[in-house]
Amino acid sequence: MTIATPAGMEITAAIQPGFEQILVPEALELVARLTRAFEPRRQQLLAARAERARRLDAGERPDFLPDTAHIRDGDWKIAPIPKALECRRVEITGPVERKMVINALNSGADSYMTDFEDSNTPNWDNQITGQLNMRDAVRHTIALEQNGKSYKLNDKVATLVVRPRGWHLDEKHVLVDGKRVSGGIFDFALFMFHNAKEQLARGAGPYFYLPKMESHLEARLWNDIFVMTQNELGLPQGTIKATVLIETILAAFEMDEILYELREHSAGLNAGRWDYIFSCIKKFKLDKDFCLADRAKVTMTAPFMRAYALLLLKTCHKRGAPAIGGMAALIPIKNDPEKNDIAMGGVRNDKARDALDGYDGGWVAHPGLVKLAMTEFTRVLGDKPNQIDKQRPDIDVSAAELLDFKPEAPITEAGLRYNINVGIHYLGAWLAGNGCVPIHNLMEDAATAEISRSQVWQWIRSTKGVLEDGRKVTAEMVREMIPQELEKVKGDAPNGDNPSYVRAAEIFEQMSTSESFAEFLTLPLYEEI
Ligand SMILES: CC(=O)SCCNC(=O)CCNC(=O)[C@H](O)C(C)(C)COP(=O)(O)OP(=O)(O)OC[C@H]1O[C@@H](n2cnc3c(N)ncnc32)[C@H](O)[C@@H]1OP(=O)(O)O
Ligand SMILES: O=CC(=O)O
Ligand SMILES: [Mg+2]
């Protein structure tokens, strides 16, 4: 099938039946206009990231910005939060897949973040089918017959929030003036064009989660895109609301500034813990003093994670903004009640800690976790929709505390093998089109897998990358383990005979043993799909 595209735009992927309903000329026109207006700035900001990374590699340490002290010290608040976003005690998240969209909206959670990002392989079909799913979800017509089950929406559903791709990702199948467009702008513009007015008519609005930003200037770019889009679509300014994931170490130093940039459009901040850990490893990968312990030991109570979580909470409430907690990767464990009890206890503790600290809500990965997370937040909040009024002047977090990277031990052979195993399994699933999988009873997505592959790279290079039995982690050691772990993955994965796992092992070896560090694992992977 062919479709009409605006002058200067080319679509290089197949237009499957139904895709033309999303790729309508006016929607593509909006993509083209936003691209022409903002793509040069996206490229400048990505170049600024690379320049900052070079400085960090050379030993520079981040600090709060001197030039924006007046924003941190100033007395201001974000614009009022709309009714539909006042109560977010439990937010379920998941890839933008039809059955999961229905199950998540029906899950009993207050809100649902549908994901074009960490938990989604951004192949062309997933992206456009995801937009079709969103169109039907917003209109409450989404339905499905699968495996003898009928899926449709309940009368009362969770508030929908959409996560477009981050600034680093392109949509390679859409070119404007010969260049790839931004994946984030593409996802955002199509969603806005098809759904914003319908959502407003239904008493909510276009709400977003914004991932992986590294500075307030990147937030300013989103804000300017919101302003132009609202003008283009004839929507009142301030209609769009966005929650920013603080999931990079550099953004942790600019939380006030990020809220300030988006103050007319802000719906608060979220502690995106998994990408945050990955970002710390990435930004200090060459620092001889930096070396984190086995992935399982780096929890929310590690000193640097605790500092970040508390600073986020304090900053949000000071600005009248919701503070939303991140994701415990534990999921229900079938057929093993004992292990399941331990996993559920882990989620309960995680949500109880966030609620008692003062968070207004938190993320869960699975419908089976909604009730217990809700119980923990309700225990603290009672019948209040949020606890934004709970100020935490007692919290005082310094730059040194944000950078207090511990624990450093233990690093174990089991931990190393775990990282290799999860890395291969996840990359293989991703290449096969599934961006979120259960591995060893944990939710694994692009962010958790990034921790695994970057730890292996770092342990090989750091003088502190030594196993607790005294052996140094080396490229040879990792090369030897990769085929062994690949065999285990082939046995464990439901589609283990898919050639994508063999390819994943090759990519994992290349990524973890090569001298250069791939900025995001999804960048080389995207060129393979
Ligand atoms: C770091 C971050 O970025 S966190 C945010 C990104 N990550 C996520 O959003 C995690 C989303 N979660 C998931 O994808 C899944 O829960 C997984 C992959 C972890 C586990 O999936 P499965 O093993 O298939 O779960 P399970 O078999 O227990 O599912 C039972 C039912 O719940 C549904 N379900 C599971 N998780 C979700 C979810 N997050 N949203 C909606 N429905 C879900 C399944 O579709 C299934 O439905 P069915 O009974 O109608 O067939
Ligand atoms: O997106 C969330 C994260 O933890 O990463
Ligand atoms: Mg993330």
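## Around the two ligands

Strand 2 (90–95), helix 3 (98–105) and strand 14 (437–439) each put at least two residues into the shell around ligand 1. Helices here are DSSP runs of H or I with at least four residues, strands are runs of E with at least two, and both are numbered from the N terminus. A residue counts as near a molecule if its C-beta atom, placed from the backbone, lies within 6 Å of it.

This is a predicted model, where local features need pLDDT of at least 70 and side-chain atom pairs count only at pLDDT 80 or more, while totals for chains, interfaces and linings use all residues. Residues are numbered from 1 along each chain as its sequence is written, with chains lettered from A and ligands numbered from 1 in the order in which they are written.

So what sits around ligand 1? There are 24 residues, and the closest are Thr-93, Gly-94, Asn-103, Asp-118 and Ser-119. Ligand 1 lies between domain 1 (11–399) and domain 2 (413–526), because both give residues to its shell. Those bounds come from an automatic or database domain assignment.

On to ligand 2: the residues around it include Asp-118, Leu-245, Glu-247 and Ala-447. Helix 9 (273–283) and strand 12 (323–327) are the elements that give two or more residues to this shell. Helix 9 gives the most, with 3 residues.
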